[in-house]
Amino acid sequence: MVTSEMFTPTSQRGGQLSSLGSRQSRVLSGMRPTGKLHLGHYHGVLKNWVKLQQEHECFFFVADWHALTTHYDEREVIADHVWDLLVDWLACGVNPSLARLFIQSRVPEHAELHLLLSMITPLGWLERVPTYKDQQDKLREKDLATYGFLGYPLLQSADILIYRATAVPVGEDQVAHVELTREIARRFNHQFGREPNFEDKAKEAAHKMGKKNHKLYDSLRRKYQEQGDQEALEVARALVQNQQNITLADRERLYGYLDGSGVVILPEPQAMLTPAAKMPGLDGQKMSKSYGNTIALRDEPADVERKIRTMPTDPARVRRTDPGTPEKCPVWEFHKVYSDQDTRDWVQQGCTTAGIGCLDCKKPVIGAVLDELEPIRRRGREFEEDPEAVRSIAAEGAEAARSAARDTLEDVRRAMGLDYG
Ligand code: TRP
Ligand code: SF4
């Protein structure tokens, strides 16, 4: 029987989120290699990754196959962007000793799971994903009536499920894809049910907790199953929760064996909505490559300065002596991100009374952006000058990712009856 409890991410099962170090929750996210990253990515995504890598087991990957679904006619471009993307991540402080960084196509297990999942994925589910029609409309110049493009969100589901990720940090636009992933996982678990040898595997897992814990686990389990002792169940769950040295799969088995619910082969992930730090663009719209209003993370300082100096301001300030309204000015949006209260008061006062000029007003913003980008540029340059280091980080990341992916695939193959020979 499948219970809703089984779909709760492991990290939430025993109560509070795991403390630093025990890292029971697994985070996975990816980005398509379609261009150099800019401040919008830094504030919206990467700062969050840098924080997450301290608290969770993290897998971050370059979704090159996903890029190919729309950019299949630009292969050189993808190749360049793959390495640029990794350098940008490293430059921002994503740390390969804390998180696994890798390139999707170097972990072919994603593709096998994609294929296997395709067997149980109704076409209608894919056709109904909102990005399918939206992107086709948006990218009219491209022929996106392809099999690969329709399967885009299913490939994403495979990316997530192959690691049994519990949480997927994404922006609003990707929530529908995580939702589809949950539906696919549910359908898979329903269809293929318990893994064969579940009991043996659960017993093996209990054994791995050590003699004392094993005994305690067995007696608590008995108390719950024979006498319906709820407290024994809670205590046993906490015991499982506190095990440091067992795999996620074993943990799931131990939970499932406790309450008799069996095991979930592919756990449902949760979307972890990235806190909406909306980085304004140079023109006041959201910062985005398609609007041409970005500051790239590795822009030269002189370019950064020029871009901000030439930013549009409140159109009411034609002359230096005309007062303005910060709320009508894109520069004010930057002050909201970068300036302290004193500076903001100075802007409000100076702008509305024409006490300061727009160039004066932009100076602290220029300083703050340059300060923020300086260490990023410096680290970025170090990695740019050492492409071998980046390659070996990606190779090691792929090795580690493959080993996790293989574990899942083994269970999936067995569940689907492909474990002969
Ligand atoms: N589709 C995502 C995007 O465009 C990239 C992506 C691919 C992804 N696979 C993923 C994100 C898995 C999270 C998890 O941004
Ligand atoms: Fe914008 Fe500052 Fe000029 Fe006011 S003074 S219009 S806030 S740049």
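User: Which residues of α11 meet which residues of α14?
Analyst: F198, E199, K201, A202, K203, A205 and A206 in α11 meet D250, R253, L254, G256 and Y257 in α14. Contact means heavy atoms within 4.5 Å. This is a predicted model, where local features need pLDDT of at least 70, side-chain atom pairs count only at pLDDT 80 or more, and totals for chains, interfaces and linings use all residues. Residues are numbered from 1 along each chain as its sequence is written, and side-chain values use heavy atoms, without hydrogens or water.

User: How are the helices defined?
Analyst: They are DSSP runs of H or I with at least four residues, numbered from the N terminus.

User: At what angle do α11 and α14 pack?
Analyst: About 110 degrees, with the axes of α11 (residues 198-207) and α14 (residues 248-259) 9 Å apart. Axes are lines fitted to C-alpha atoms over the stretch in contact, and angles run from 0 to 180 degrees between N-to-C directions. The two helices are therefore roughly perpendicular. The cut-offs are under 35 degrees for roughly parallel, over 145 for roughly antiparallel, 65 to 115 for roughly perpendicular, and oblique for the rest.

User: What classes of residue make that contact of α11 with α14?
Analyst: 6 nonpolar, 1 polar and 5 charged. Ala, Val, Leu, Ile, Met, Phe, Trp, Tyr, Cys and Pro count as nonpolar, Asp, Glu, Lys and Arg as charged, and the others, Gly among them, as polar.

User: Switching topic. How many cavities of 30 Å³ or more?
Analyst: The count is 3. On a 1 Å grid over the protein atoms alone, a cavity is a set of points where a 1.4 Å probe fits but cannot get out. Grid points are joined across faces, edges and corners, and a volume is the space filled by probe spheres set on the points.

User: How much space is in the largest cavity?
Analyst: About 90 Å³.

User: What lines the largest cavity?
Analyst: T313, D314, R317, P326, C329, V331, W332, V347, C351, I356, C358 and C361. Lining residues have an atom within 4 Å of a point. By class, the lining has 9 nonpolar, 1 polar and 2 charged residues.

User: Which helices supply at least two residues of that lining?
Analyst: α16 (330-338), α17 (341-352) and α18 each do.

User: How do α16 and α17 cross?
Analyst: Their axes come within 9 Å and cross at roughly 160 degrees. α16 and α17 are therefore roughly antiparallel. W332, H335 and K336 in α16 meet T343, R344, V347 and Q348 in α17.

User: And at what angle do α4 and α18 cross?
Analyst: Roughly 135 degrees, with the axes of α4 (residues 75-91) and α18 (residues 358-384) coming within 8 Å. α4 and α18 are therefore oblique to each other. V87, L90 and A91 of α4 make the contact with P375, I376, R379, G380, F383 and E384 of α18.

Terms used
Chains are lettered from A and ligands numbered from 1 in the order in which they are written. On a 1 Å grid over the protein atoms alone, a cavity is a set of points where a 1.4 Å probe fits but cannot get out, and a pocket is an open set with protein on both sides within 12 Å along at least five of seven lines; lining residues have an atom within 4 Å of a point.
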